[in-house]
Amino acid sequence: MTPPAAVRPTGRTRSGLVRVASVPAGHVYVRHLADPSGGDGVVRLDDPVPPGPDVPAGQWWPPAMLSPAWVLDHHQEFDVFHVQFGFDAQDADRLGALVHALRAVRKPLVYTVHDLRNPHHSDSRAHDAHLDVLIPQADGLITLTAGAAAEVAARWGRRPTVLPHPHVVELDRPTRPRASLPSFVIGVHAKSVRASMAPLPVIRALAEVVAALPGGKLRVDIHHDVFDPDGLRHDRELAGYLSCAAARAEIDLRVHDCFSDEELWAYLESLDVSVLPYRFGTHSGWLEACHDLGTTVIAPTCGYFRQQRPCLSYRHDESGFDVRSLREAVLYAYERRPHWQARPGDRLRERLEVAAEHRRLYERVLG
């Protein structure tokens, strides 16, 4: 498959700035693509306020920019249209109409392939249909790992530029020193149990192995919407097991709503190990936050987590879950205490490189 014909953009400013309609713009990943000093010469438009009453400040979902009408009405305000994520609720025909609108106003499309399998969809068909529109039609493609790039090449005949995920935790946030304590805390955060997660078998296995570790402790976090009987996503089996395990002191159970950023960073810093209970996926912002803060990750073998950042792994995908591999990873972490933490200076240099590569890609698709 050959890439789309070069777009001949119109309406470009003469200031040297590249104006990007980014979908979204306010997400931490996108914010940290920019040179902090502005030296990359890239300006990303603010996220439009989504339609509807009582929209909270700062909310970008659903992205208004994905509307073909928005593109036609605002095409003089941007040079490049860059889709990151946020198109879950669109159907493939609607995305096709978006591409058609961009072609009509001669604006190039860039797409970053974060997910080759949508973590919120139990079935892959809808996301595959989205990718079948975006990947062949994009004028520029980016992804985060070599493995994901190879999969894109195998499935669509196009090779994305590989750029690392930028830091998640702010560079100027003081990190807490890791104390050498006899305790060893493993955490599993089930959150709201999105479709990609299978936390129950993972937690059961961890409870058994951690019980045999001197100083070992298993902390399990979960949101009210799954745990509470009247929650919108209540999981009776999972909530029942967690309640009983907590009563038997096998786990330290914490039920709450979404953490703020600072609460999440403090939570990750309280752990020696964070176990990702995914059965499918591609990349992970959670892994990046752990890398920033020095929390060891045990990630499943699905997706490309091991290529993204240093971590331990266990076999877990849609074909099944291997308890033995998880036990071995936990014992390795317990006995060796691996410590992989990004240094702020390295993260800053990486961010500057990522910003410069985005600028170069934008210039390339602009011709």
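Colleague: What makes Cys 290 count as buried or exposed?
Modeller: The relative accessibility of Cys 290 is 0%. Buried means under 20% relative accessible area, exposed means over 50%, and partly exposed lies in between, with a 1.4 Å probe and protein chains only. At 0%, Cys 290 therefore counts as buried.

Colleague: On what are such values based?
Modeller: The model is predicted, so local features need pLDDT of at least 70 and side-chain atom pairs count only at pLDDT 80 or more, whereas totals for chains, interfaces and linings use all residues. Residues are numbered from 1 along each chain as its sequence is written, and side-chain values use heavy atoms, with hydrogens and water left out.

Colleague: How many disulfides are there, and how do you know?
Modeller: A disulfide is a pair of cysteine sulfur atoms within 2.5 Å. By this rule, the count is zero. Cys 290 takes part in no disulfide, and its nearest cysteine sulfur, that of Cys 311, lies 9.9 Å away.

Colleague: Which residues of strand β4 are buried, and which way do they point?
Modeller: Strands (E, at least two residues) and helices (H or I, at least four residues) are DSSP runs, numbered from the N terminus. Strand β4 spans residues 109–113, and five of its five residues are buried. Leu 109, Tyr 111 and Val 113 point one way, Val 110 and Thr 112 the other way.

Colleague: What makes β3 and β4 a pair?
Modeller: Two strands pair if DSSP finds at least two bridges between them. Strand β3 (residues 80–83) is joined to β4 by three bridges, and the two strands run parallel; they therefore meet the requirement of at least two bridges. Phe 81 stands opposite Leu 109 in β4, and Val 110 is the bridge partner of His 82.

Colleague: How does β5 pair with β4?
Modeller: β4 pairs with strand β5 (residues 140–143) in the parallel sense, over four bridges. Val 113 stands opposite Thr 143 in β5. From β4 the chain crosses through helix α4 (residues 125–137) to β5, a right-handed β-α-β crossover. That term applies if, with the strands pointing away from the viewer, the path from the first strand over the helix to the second runs clockwise.

Colleague: Where do these strands sit in their sheet?
Modeller: They belong to an open sheet of six strands in the order β2-β1-β3-β4-β5-β6, with parallel pairing. β2 (42–44) and β6 (161–162) are its edge strands, as each pairs on one side only.

Colleague: What is the strand order of the other six-stranded sheet?
Modeller: That open sheet has the order β9-β8-β7-β10-β11-β12, again with parallel pairing. Its edge strands, each pairing on one side only, are β9 (252–256) and β12 (312–314). Within this sheet, β7 (residues 184–189) and β10 (residues 273–275) run parallel and are joined by two bridges. Ile 186 stands opposite Val 273 in β10.

Colleague: How does the span of helix α6 stand against the expected value?
Modeller: The expected span of a helix is 1.5 Å times one less than its number of residues. Helix α6 (residues 199–211) has 13 residues and reaches 18 Å from its first C-alpha to its last, close to the 18 Å expected. Its buried residues include Leu 200, Ile 203 and Leu 206.

Colleague: Which residues does His 291 contact?
Modeller: Contact means heavy atoms within 4.5 Å. Leaving aside neighbours within four places in sequence, His 291 contacts Arg 309, Pro 310, Trp 340, Gln 341, Ala 342 and Arg 347. His 291 lies in helix α10 (residues 285–293) and has a relative accessible area of 13%, so it counts as buried.

Colleague: What is the phi of Arg 106?
Modeller: Phi of Arg 106 is near 55°, a positive value in a residue other than glycine. Arg 106 lies in the loop between α3 and β4, and its 44% relative accessibility makes it partly exposed.

Colleague: Where does Arg 337 lie?
Modeller: Arg 337 is in the loop between α12 (323–336) and α13 (344–366). Arg 337 has a positive phi of about 50° although it is not a glycine. At a relative accessible area of 35%, Arg 337 is partly exposed.
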